[in-house]
Amino acid sequence: VDLSSALLPRFDPARAVDPSLYGVPGRAPRIALRPASADEVAEALRAASRERLRVIPWGGAPAIPPTDLPSYDLALDLSALDRIVEYEPEDFTLTAQCGVTLGALRAALAERGQELPLEAADAGRATLGGVLAANGSGPRRLRFGSPRDRILGARFALADGTLARSGGKVVKNVAGFGIHRLLCGSGGGLAVIVEASLKLAPAPATRRALIYDLPAGALAEARRWAAFPRLEPALLTVLGGAAVESALLPGAGLSSSAAARGAGVLVIVGLEDDATWVEQQAEATRAALGPAALELRDADALTLWQRLADAEDAARERLTFNTAGNTPAVLAPLEDVEGLRGLVFHAPAGRLHTFVEEARAPALAARLLGAGFVSIGASGLAAPEPLVPPEQAVLALRRRIRDALDSQRILAFGESWASGSS
Ligand SMILES: Cc1cc2nc3c(=O)[nH]c(=O)nc-3n(C[C@H](O)[C@H](O)[C@H](O)COP(=O)(O)OP(=O)(O)OC[C@H]3O[C@@H](n4cnc5c(N)ncnc54)[C@H](O)[C@@H]3O)c2cc1C
(Lines give C-alpha, C1' and ligand atoms only; values in the text may rest on other atoms or scores of the structure.)
Protein backbone atom coordinates (compact mmCIF):
# COMPACT_ATOMS: atom_id res chain seq x y z
CA VAL A 1 0.00 0.00 0.00
CA ASP A 2 1.29 3.44 -0.82
CA LEU A 3 0.63 5.02 2.52
CA SER A 4 1.15 8.55 1.37
CA SER A 5 -1.60 8.25 -1.19
CA ALA A 6 -3.80 6.31 1.22
CA LEU A 7 -3.57 8.79 4.04
CA LEU A 8 -1.92 12.03 3.19
CA PRO A 9 -4.19 13.49 0.50
CA ARG A 10 -6.79 13.87 3.21
CA PHE A 11 -4.41 15.72 5.45
CA ASP A 12 -2.63 19.00 5.40
CA PRO A 13 1.02 18.00 4.67
CA ALA A 14 1.92 19.86 7.85
CA ARG A 15 0.28 16.98 9.78
CA ALA A 16 2.93 14.49 8.60
CA VAL A 17 5.78 14.07 11.07
CA ASP A 18 9.02 12.09 11.02
CA PRO A 19 8.15 8.40 11.64
CA SER A 20 11.65 7.64 12.91
CA LEU A 21 10.73 9.50 16.13
CA TYR A 22 8.25 6.74 16.98
CA GLY A 23 10.48 3.68 16.97
CA VAL A 24 14.00 2.48 16.22
CA PRO A 25 15.32 1.62 12.74
CA GLY A 26 13.60 -1.51 11.53
CA ARG A 27 10.78 -1.04 14.02
CA ALA A 28 9.62 2.46 13.22
CA PRO A 29 6.18 2.88 11.67
CA ARG A 30 5.96 3.71 7.99
CA ILE A 31 4.07 6.91 8.60
CA ALA A 32 3.40 9.31 11.46
CA LEU A 33 0.65 11.92 11.69
CA ARG A 34 0.00 14.68 14.18
CA PRO A 35 -3.71 15.47 13.82
CA ALA A 36 -4.98 18.84 15.03
CA SER A 37 -8.59 17.96 15.88
CA ALA A 38 -10.82 15.11 17.00
CA ASP A 39 -12.20 14.92 13.46
CA GLU A 40 -8.71 14.49 12.05
CA VAL A 41 -8.03 11.70 14.57
CA ALA A 42 -11.22 10.00 13.42
CA GLU A 43 -10.29 10.51 9.78
CA ALA A 44 -6.85 8.96 10.29
CA LEU A 45 -8.39 5.92 12.01
CA ARG A 46 -10.99 5.56 9.28
CA ALA A 47 -8.22 5.51 6.66
CA ALA A 48 -6.17 3.08 8.77
CA SER A 49 -9.18 0.77 9.04
CA ARG A 50 -9.74 0.91 5.33
CA GLU A 51 -6.09 0.08 4.60
CA ARG A 52 -5.76 -2.32 7.54
CA LEU A 53 -2.90 -0.37 9.07
CA ARG A 54 -1.85 -1.07 12.64
CA VAL A 55 -1.94 2.05 14.78
CA ILE A 56 -0.36 3.22 18.04
CA PRO A 57 -1.59 6.42 19.67
CA TRP A 58 1.23 8.48 21.17
CA GLY A 59 1.05 10.97 24.02
CA GLY A 60 3.72 13.49 24.91
CA ALA A 61 6.80 11.49 25.73
CA PRO A 62 7.71 8.67 23.41
CA ALA A 63 8.21 6.68 26.62
CA ILE A 64 7.55 3.28 25.14
CA PRO A 65 10.81 1.26 25.08
CA PRO A 66 11.44 0.20 21.46
CA THR A 67 11.77 -3.40 22.61
CA ASP A 68 8.19 -3.28 23.92
CA LEU A 69 6.68 -1.97 20.68
CA PRO A 70 4.63 -4.34 18.56
CA SER A 71 5.16 -3.88 14.83
CA TYR A 72 2.87 -1.21 13.45
CA ASP A 73 2.31 1.10 10.51
CA LEU A 74 0.94 4.41 11.73
CA ALA A 75 1.93 6.54 14.73
CA LEU A 76 -0.84 8.91 15.75
CA ASP A 77 0.81 11.69 17.73
CA LEU A 78 -1.87 13.40 19.82
CA SER A 79 0.20 16.20 21.28
CA ALA A 80 -1.45 18.90 19.12
CA LEU A 81 -4.84 18.32 20.81
CA ASP A 82 -3.77 20.42 23.76
CA ARG A 83 -6.71 22.65 24.73
CA ILE A 84 -8.58 22.93 28.00
CA VAL A 85 -12.18 22.72 26.78
CA GLU A 86 -14.09 23.62 29.93
CA TYR A 87 -13.00 24.41 33.46
CA GLU A 88 -15.61 24.90 36.18
CA PRO A 89 -13.74 25.74 39.40
CA GLU A 90 -16.95 25.96 41.45
CA ASP A 91 -17.85 22.39 40.47
CA PHE A 92 -14.30 21.05 40.73
CA THR A 93 -14.54 19.64 37.21
CA LEU A 94 -12.44 20.03 34.09
CA THR A 95 -12.69 18.84 30.49
CA ALA A 96 -9.57 18.89 28.33
CA GLN A 97 -8.24 17.45 25.11
CA CYS A 98 -6.05 14.36 25.38
CA GLY A 99 -2.77 16.01 24.37
CA VAL A 100 -2.65 18.67 27.07
CA THR A 101 0.26 18.00 29.43
CA LEU A 102 -0.13 17.45 33.16
CA GLY A 103 2.17 20.44 33.65
CA ALA A 104 -0.13 22.76 31.68
CA LEU A 105 -3.20 21.47 33.53
CA ARG A 106 -1.55 21.95 36.92
CA ALA A 107 -0.58 25.53 36.09
CA ALA A 108 -4.16 26.38 35.11
CA LEU A 109 -5.62 24.82 38.26
CA ALA A 110 -3.05 26.28 40.65
CA GLU A 111 -4.35 29.77 39.85
CA ARG A 112 -7.67 28.74 41.42
CA GLY A 113 -6.22 26.84 44.40
CA GLN A 114 -7.12 23.48 42.86
CA GLU A 115 -5.12 20.39 42.17
CA LEU A 116 -4.98 17.84 39.38
CA PRO A 117 -5.37 14.39 40.93
CA LEU A 118 -3.08 12.75 38.37
CA GLU A 119 0.65 12.06 38.59
CA ALA A 120 3.23 10.82 36.11
CA ALA A 121 6.93 11.04 35.42
CA ASP A 122 7.97 14.00 33.28
CA ALA A 123 4.79 16.03 33.85
CA GLY A 124 5.93 18.65 31.34
CA ARG A 125 5.54 16.07 28.57
CA ALA A 126 3.15 13.42 29.90
CA THR A 127 -0.30 13.99 28.44
CA LEU A 128 -3.76 13.61 29.91
CA GLY A 129 -4.63 10.89 27.36
CA GLY A 130 -1.41 8.96 27.94
CA VAL A 131 -1.74 8.97 31.71
CA LEU A 132 -5.38 7.90 31.51
CA ALA A 133 -4.63 5.19 28.93
CA ALA A 134 -1.83 3.86 31.17
CA ASN A 135 -4.00 4.29 34.30
CA GLY A 136 -0.76 5.81 35.56
CA SER A 137 -0.08 7.06 39.04
CA GLY A 138 2.66 8.34 41.32
CA PRO A 139 3.48 8.72 45.01
CA ARG A 140 0.01 9.98 46.01
CA ARG A 141 -1.98 7.16 44.39
CA LEU A 142 -3.77 6.25 47.61
CA ARG A 143 -4.76 9.85 48.30
CA PHE A 144 -6.01 10.58 44.77
CA GLY A 145 -7.27 7.18 43.72
CA SER A 146 -6.33 5.86 40.30
CA PRO A 147 -7.26 7.77 37.10
CA ARG A 148 -10.12 5.30 36.67
CA ASP A 149 -11.58 6.70 39.91
CA ARG A 150 -11.27 10.34 38.82
CA ILE A 151 -12.52 10.25 35.25
CA LEU A 152 -16.09 11.46 34.78
CA GLY A 153 -16.43 10.92 31.07
CA ALA A 154 -14.57 10.89 27.78
CA ARG A 155 -14.88 11.45 24.08
CA PHE A 156 -13.01 8.85 22.08
CA ALA A 157 -12.44 7.64 18.54
CA LEU A 158 -13.00 3.98 17.76
CA ALA A 159 -10.71 2.15 15.37
CA ASP A 160 -13.21 2.52 12.51
CA GLY A 161 -13.22 6.30 12.94
CA THR A 162 -16.50 6.60 14.86
CA LEU A 163 -16.40 9.40 17.42
CA ALA A 164 -18.25 8.41 20.59
CA ARG A 165 -18.77 9.69 24.13
CA SER A 166 -19.49 8.08 27.47
CA GLY A 167 -20.08 9.45 30.95
CA GLY A 168 -20.42 13.21 31.36
CA LYS A 169 -18.66 16.37 32.42
CA VAL A 170 -20.07 16.64 35.92
CA VAL A 171 -19.91 14.51 39.05
CA LYS A 172 -23.59 13.48 39.16
CA ASN A 173 -23.68 11.26 36.16
CA VAL A 174 -24.82 7.67 36.07
CA ALA A 175 -26.25 7.02 32.62
CA GLY A 176 -24.88 4.48 30.15
CA PHE A 177 -21.88 2.15 30.12
CA GLY A 178 -18.66 3.41 31.72
CA ILE A 179 -16.53 2.94 28.60
CA HIS A 180 -14.39 5.88 29.75
CA ARG A 181 -13.41 3.81 32.82
CA LEU A 182 -12.64 0.81 30.63
CA LEU A 183 -10.31 2.98 28.53
CA CYS A 184 -8.25 3.82 31.63
CA GLY A 185 -5.54 1.15 31.58
CA SER A 186 -6.32 -0.03 28.05
CA GLY A 187 -2.94 1.34 26.88
CA GLY A 188 -4.27 2.71 23.62
CA GLY A 189 -5.43 -0.77 22.63
CA LEU A 190 -9.20 -0.20 22.54
CA ALA A 191 -9.83 3.35 21.34
CA VAL A 192 -8.15 6.75 21.15
CA ILE A 193 -9.21 9.12 23.92
CA VAL A 194 -9.62 12.58 22.38
CA GLU A 195 -11.10 14.43 25.34
CA ALA A 196 -11.69 13.61 29.02
CA SER A 197 -13.52 15.12 31.99
CA LEU A 198 -12.09 14.82 35.48
CA LYS A 199 -13.10 15.43 39.05
CA LEU A 200 -10.54 17.78 40.65
CA ALA A 201 -9.27 18.15 44.20
CA PRO A 202 -8.81 21.24 46.37
CA ALA A 203 -5.14 22.11 46.88
CA PRO A 204 -4.14 21.53 50.53
CA ALA A 205 -3.32 24.62 52.64
CA THR A 206 0.06 23.24 53.73
CA ARG A 207 2.53 20.72 52.41
CA ARG A 208 5.55 19.37 54.24
CA ALA A 209 8.25 16.89 53.30
CA LEU A 210 10.40 15.21 55.96
CA ILE A 211 13.38 13.52 54.33
CA TYR A 212 15.35 10.82 56.12
CA ASP A 213 18.72 9.38 55.15
CA LEU A 214 18.70 5.85 56.61
CA PRO A 215 20.88 2.76 56.45
CA ALA A 216 19.18 0.06 54.35
CA GLY A 217 18.93 -2.14 57.45
CA ALA A 218 16.50 0.37 59.00
CA LEU A 219 13.80 -0.74 56.56
CA ALA A 220 13.46 -4.12 58.27
CA GLU A 221 12.75 -2.56 61.67
CA ALA A 222 8.98 -2.86 61.59
CA ARG A 223 8.61 -0.91 64.83
CA ARG A 224 9.82 2.30 63.16
CA TRP A 225 7.01 2.20 60.63
CA ALA A 226 4.16 0.96 62.80
CA ALA A 227 2.66 4.42 63.28
CA PHE A 228 2.45 5.40 59.61
CA PRO A 229 -0.68 3.63 58.38
CA ARG A 230 -2.56 5.48 61.16
CA LEU A 231 -0.92 8.82 60.37
CA GLU A 232 -2.22 8.86 56.80
CA PRO A 233 0.68 10.68 55.14
CA ALA A 234 -0.05 11.92 51.62
CA LEU A 235 2.98 9.92 50.59
CA LEU A 236 5.65 7.72 52.13
CA THR A 237 8.27 6.90 49.53
CA VAL A 238 11.51 4.94 49.79
CA LEU A 239 14.26 5.63 47.24
CA GLY A 240 17.37 3.55 46.74
CA GLY A 241 20.31 3.43 44.28
CA ALA A 242 19.79 5.13 40.92
CA ALA A 243 16.45 6.55 42.05
CA VAL A 244 18.10 8.65 44.78
CA GLU A 245 20.22 10.60 42.37
CA SER A 246 17.33 11.35 40.07
CA ALA A 247 15.12 12.62 42.92
CA LEU A 248 17.64 14.77 44.79
CA LEU A 249 17.03 18.48 44.40
CA PRO A 250 20.13 20.33 43.24
CA GLY A 251 21.69 22.05 46.22
CA ALA A 252 19.34 20.28 48.63
CA GLY A 253 22.24 19.40 50.90
CA LEU A 254 21.73 15.66 50.60
CA SER A 255 24.33 14.95 47.95
CA SER A 256 26.73 13.65 50.62
CA SER A 257 24.05 11.49 52.25
CA ALA A 258 24.63 7.79 52.74
CA ALA A 259 21.77 7.14 50.31
CA ALA A 260 23.44 9.23 47.61
CA ARG A 261 26.63 7.20 48.12
CA GLY A 262 24.66 3.99 47.59
CA ALA A 263 24.99 2.98 51.25
CA GLY A 264 21.41 3.51 52.32
CA VAL A 265 17.97 4.76 51.35
CA LEU A 266 16.09 8.02 51.41
CA VAL A 267 12.67 7.89 53.02
CA ILE A 268 10.33 10.79 52.31
CA VAL A 269 7.27 11.38 54.46
CA GLY A 270 4.89 13.78 52.71
CA LEU A 271 2.14 15.56 54.65
CA GLU A 272 -0.67 17.64 53.19
CA ASP A 273 -3.59 19.28 54.94
CA ASP A 274 -4.35 22.31 57.13
CA ALA A 275 -1.38 23.70 59.05
CA THR A 276 -2.32 22.33 62.49
CA TRP A 277 -2.88 18.80 61.25
CA VAL A 278 0.35 18.84 59.26
CA GLU A 279 2.30 20.01 62.32
CA GLN A 280 0.77 17.26 64.47
CA GLN A 281 1.63 14.66 61.86
CA ALA A 282 5.17 16.06 61.51
CA GLU A 283 5.61 15.73 65.29
CA ALA A 284 4.39 12.13 65.21
CA THR A 285 6.79 11.43 62.32
CA ARG A 286 9.73 12.87 64.28
CA ALA A 287 8.69 10.78 67.30
CA ALA A 288 8.86 7.64 65.14
CA LEU A 289 11.93 8.39 63.02
CA GLY A 290 13.81 11.19 64.82
CA PRO A 291 14.70 14.59 63.33
CA ALA A 292 14.64 14.66 59.54
CA ALA A 293 17.85 15.26 57.56
CA LEU A 294 15.93 17.90 55.64
CA GLU A 295 12.44 19.40 55.70
CA LEU A 296 10.79 21.11 52.73
CA ARG A 297 7.62 23.16 52.66
CA ASP A 298 4.84 23.98 50.22
CA ALA A 299 6.14 24.76 46.71
CA ASP A 300 9.45 23.00 47.42
CA ALA A 301 7.60 19.95 48.72
CA LEU A 302 5.43 19.93 45.60
CA THR A 303 8.54 20.03 43.41
CA LEU A 304 9.85 17.04 45.32
CA TRP A 305 6.59 15.09 44.79
CA GLN A 306 7.14 15.46 41.04
CA ARG A 307 10.74 14.28 41.39
CA LEU A 308 9.52 11.19 43.21
CA ALA A 309 7.30 10.44 40.21
CA ASP A 310 10.23 11.17 37.86
CA ALA A 311 12.46 8.77 39.82
CA GLU A 312 10.26 5.86 38.68
CA ASP A 313 11.65 6.48 35.21
CA ALA A 314 15.31 6.68 36.26
CA ALA A 315 16.09 3.44 34.41
CA ARG A 316 14.57 1.94 31.32
CA GLU A 317 14.84 -1.68 32.50
CA ARG A 318 12.48 -2.11 35.38
CA LEU A 319 10.02 -4.44 37.00
CA THR A 320 7.00 -3.15 38.89
CA PHE A 321 5.27 -4.98 41.72
CA ASN A 322 2.41 -4.45 44.09
CA THR A 323 2.04 -5.58 47.67
CA ALA A 324 -0.71 -5.41 50.26
CA GLY A 325 1.97 -4.39 52.78
CA ASN A 326 1.89 -0.63 53.13
CA THR A 327 5.00 0.10 55.18
CA PRO A 328 8.69 0.23 54.17
CA ALA A 329 9.25 -2.87 56.34
CA VAL A 330 8.00 -5.02 53.44
CA LEU A 331 11.24 -4.18 51.59
CA ALA A 332 13.31 -6.25 54.05
CA PRO A 333 13.65 -9.19 51.58
CA LEU A 334 15.53 -6.88 49.20
CA GLU A 335 18.37 -6.09 51.56
CA ASP A 336 20.91 -8.59 50.19
CA VAL A 337 19.59 -9.01 46.64
CA GLU A 338 22.39 -8.74 44.10
CA GLY A 339 22.13 -6.60 41.00
CA LEU A 340 19.39 -4.29 42.30
CA ARG A 341 20.38 -0.94 40.83
CA GLY A 342 17.65 1.13 42.33
CA LEU A 343 14.14 1.18 43.73
CA VAL A 344 11.18 3.46 44.29
CA PHE A 345 8.55 2.25 46.74
CA HIS A 346 5.36 4.22 47.33
CA ALA A 347 4.29 2.60 50.59
CA PRO A 348 0.66 3.76 51.02
CA ALA A 349 -0.41 2.10 47.75
CA GLY A 350 2.17 -0.73 48.06
CA ARG A 351 3.73 -0.03 44.66
CA LEU A 352 7.37 -0.96 44.06
CA HIS A 353 9.46 -0.09 40.99
CA THR A 354 12.80 -1.92 40.80
CA PHE A 355 15.68 -1.25 38.42
CA VAL A 356 17.59 -4.38 37.63
CA GLU A 357 19.88 -5.73 34.95
CA GLU A 358 18.41 -8.44 32.76
CA ALA A 359 20.53 -11.31 34.07
CA ARG A 360 19.53 -10.57 37.67
CA ALA A 361 15.85 -9.93 37.07
CA PRO A 362 14.61 -13.52 37.59
CA ALA A 363 16.32 -13.83 41.00
CA LEU A 364 14.97 -10.47 42.13
CA ALA A 365 11.47 -11.36 40.97
CA ALA A 366 11.61 -14.75 42.67
CA ARG A 367 12.53 -13.11 45.94
CA LEU A 368 9.70 -10.59 45.75
CA LEU A 369 7.06 -13.03 44.52
CA GLY A 370 8.08 -15.35 47.36
CA ALA A 371 7.47 -12.48 49.79
CA GLY A 372 3.91 -11.94 48.57
CA PHE A 373 4.46 -9.22 45.95
CA VAL A 374 2.67 -9.56 42.62
CA SER A 375 4.17 -8.54 39.30
CA ILE A 376 2.16 -5.78 37.63
CA GLY A 377 4.47 -4.40 34.96
CA ALA A 378 7.76 -4.64 33.13
CA SER A 379 9.60 -2.16 30.97
CA GLY A 380 12.51 -3.22 28.76
CA LEU A 381 12.52 -6.67 30.42
CA ALA A 382 10.38 -9.77 30.16
CA ALA A 383 7.68 -9.81 32.85
CA PRO A 384 8.56 -12.41 35.46
CA GLU A 385 6.61 -15.61 35.94
CA PRO A 386 4.20 -16.23 37.39
CA LEU A 387 2.24 -13.43 35.87
CA VAL A 388 -1.06 -12.49 37.41
CA PRO A 389 -3.26 -12.51 34.35
CA PRO A 390 -6.90 -11.64 34.73
CA GLU A 391 -9.04 -14.71 35.36
CA GLN A 392 -10.11 -16.80 32.36
CA ALA A 393 -13.63 -15.40 32.50
CA VAL A 394 -12.25 -11.85 32.36
CA LEU A 395 -9.97 -12.71 29.43
CA ALA A 396 -12.94 -14.03 27.45
CA LEU A 397 -14.78 -10.79 28.22
CA ARG A 398 -11.75 -8.72 27.18
CA ARG A 399 -11.60 -10.50 23.84
CA ARG A 400 -15.28 -9.79 23.27
CA ILE A 401 -14.86 -6.14 24.21
CA ARG A 402 -11.91 -5.82 21.85
CA ASP A 403 -13.84 -7.45 19.02
CA ALA A 404 -16.76 -5.10 19.63
CA LEU A 405 -14.63 -1.93 19.71
CA ASP A 406 -11.96 -2.83 17.16
CA SER A 407 -13.16 -5.72 15.02
CA GLN A 408 -10.36 -5.27 12.48
CA ARG A 409 -7.65 -5.23 15.14
CA ILE A 410 -6.24 -1.94 14.00
CA LEU A 411 -4.97 -0.77 17.39
CA ALA A 412 -1.62 -2.50 17.90
CA PHE A 413 -1.76 -2.54 21.71
CA GLY A 414 -5.17 -4.25 21.68
CA GLU A 415 -3.59 -7.69 21.69
CA SER A 416 -1.66 -7.17 24.91
CA TRP A 417 -4.75 -5.74 26.59
CA ALA A 418 -7.00 -8.58 25.44
CA SER A 419 -4.49 -11.24 26.49
CA GLY A 420 -3.91 -9.65 29.89
CA SER A 421 -0.20 -9.11 29.32
CA SER A 422 -0.30 -5.35 29.89
C1 LIG B 1 2.61 0.49 27.43
C2 LIG B 1 2.72 1.42 28.61
C3 LIG B 1 2.12 1.04 29.84
C4 LIG B 1 2.25 1.87 30.95
N5 LIG B 1 1.67 1.49 32.12
C6 LIG B 1 1.77 2.27 33.21
C7 LIG B 1 1.17 1.90 34.43
O8 LIG B 1 0.57 0.82 34.54
N9 LIG B 1 1.28 2.71 35.50
C10 LIG B 1 1.95 3.90 35.41
O11 LIG B 1 2.02 4.62 36.39
N12 LIG B 1 2.52 4.31 34.25
C13 LIG B 1 2.47 3.52 33.17
N14 LIG B 1 3.05 3.91 32.00
C15 LIG B 1 3.76 5.19 31.98
C16 LIG B 1 2.91 6.22 31.31
O17 LIG B 1 3.23 6.16 29.98
C18 LIG B 1 3.27 7.55 31.83
O19 LIG B 1 2.41 7.87 32.86
C20 LIG B 1 3.27 8.56 30.70
O21 LIG B 1 3.97 9.66 31.08
C22 LIG B 1 1.90 8.87 30.14
O23 LIG B 1 1.86 10.04 29.32
P24 LIG B 1 2.40 10.11 27.81
O25 LIG B 1 1.64 11.22 27.22
O26 LIG B 1 3.86 10.22 27.84
O27 LIG B 1 1.94 8.72 27.20
P28 LIG B 1 2.71 7.75 26.19
O29 LIG B 1 3.92 7.19 26.86
O30 LIG B 1 2.88 8.39 24.88
O31 LIG B 1 1.60 6.61 26.04
C32 LIG B 1 1.27 5.75 27.10
C33 LIG B 1 0.28 4.70 26.58
O34 LIG B 1 -0.99 5.33 26.33
C35 LIG B 1 -1.36 5.24 24.96
N36 LIG B 1 -1.95 6.56 24.63
C37 LIG B 1 -1.37 7.77 24.65
N38 LIG B 1 -2.28 8.73 24.40
C39 LIG B 1 -3.47 8.11 24.22
C40 LIG B 1 -4.79 8.56 23.93
N41 LIG B 1 -5.08 9.85 23.79
N42 LIG B 1 -5.76 7.63 23.79
C43 LIG B 1 -5.49 6.31 23.93
N44 LIG B 1 -4.27 5.83 24.21
C45 LIG B 1 -3.27 6.72 24.35
C46 LIG B 1 -0.10 4.89 24.20
O47 LIG B 1 -0.40 4.12 23.06
C48 LIG B 1 0.66 4.07 25.24
O49 LIG B 1 0.23 2.74 25.27
C50 LIG B 1 2.96 3.10 30.87
C51 LIG B 1 3.53 3.44 29.64
C52 LIG B 1 3.41 2.63 28.53
C53 LIG B 1 4.05 3.06 27.26
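Which residues does Q114 touch, not counting residues up to four places away in sequence? Q114 touches Y87, P89, F92, L109, L200, A201, P202 and A203, where contact means heavy atoms within 4.5 Å. The model is predicted: local features need pLDDT of at least 70, side-chain atom pairs count only at pLDDT 80 or more, and totals for chains, interfaces and linings use all residues. Residues are numbered from 1 along each chain as its sequence is written, and side-chain values use heavy atoms, with hydrogens and water left out.

**The residue Q114**

- Q114 belongs to strand 7 (residues 114–115); strands (E, at least two residues) and helices (H or I, at least four) are DSSP runs, numbered from the N terminus.
- With a relative accessible area of 7%, Q114 is buried; the term means under 20% relative accessible area, with a 1.4 Å probe and protein chains only.
- A polar atom of the Q114 side chain lies 2.8 Å from the backbone oxygen of P89.

- Five strands are arranged in an open sheet in the order 5-6-10-8-9, with antiparallel pairing; two strands pair if DSSP finds at least two bridges between them.
- Strand 5 (84–88) and strand 9 (163–167) are the edge strands, each pairing on one side only.
- On average, neighbouring strands of this sheet are turned by 10° against each other, direction ignored; axes are lines fitted to C-alpha atoms, for helices over the stretch in contact, and angles run from 0 to 180 degrees between N-to-C directions.
- Strand 6 (residues 93–97) pairs with strand 10 (residues 192–199) in the antiparallel sense over 5 bridges.
- The bridge partner of T95 in strand 10 is S197.

**Helices on the sheet**

- Helix 2 (residues 38–51) lies across strand 8 (151–157), strand 9 and strand 10, and runs at about 140° to strand 10.
- Helix 3 (residues 102–110) packs on the sheet, where it touches strand 5 and strand 6, and its direction makes about 30° with that of strand 5.
- L102, L105 and L109 are the buried residues of helix 3.
- Seen down the axis of helix 3, these buried residues fall within an arc of 65°, so they line one face of the helix; the arc is that of the directions from the helix axis to the C-beta atoms.
- The buried residues of helix 3 pack against strand 5, strand 6, strand 7 and helix 4 (128–134).

**The ligand**

- An oxygen atom of the ligand is 2.5 Å from a polar backbone atom of P57.
- A polar backbone atom of G60 lies 2.8 Å from an oxygen atom of the ligand.
- A nitrogen atom of the ligand is 2.9 Å from a polar backbone atom of I193.

Conventions. Buried < 20%, exposed > 50% of the residue type's maximum accessible area, 1.4 Å probe, protein only. Polar contact = N/O pair within 3.5 Å; in protein donor to acceptor, adjacent residues only side chain to side chain.
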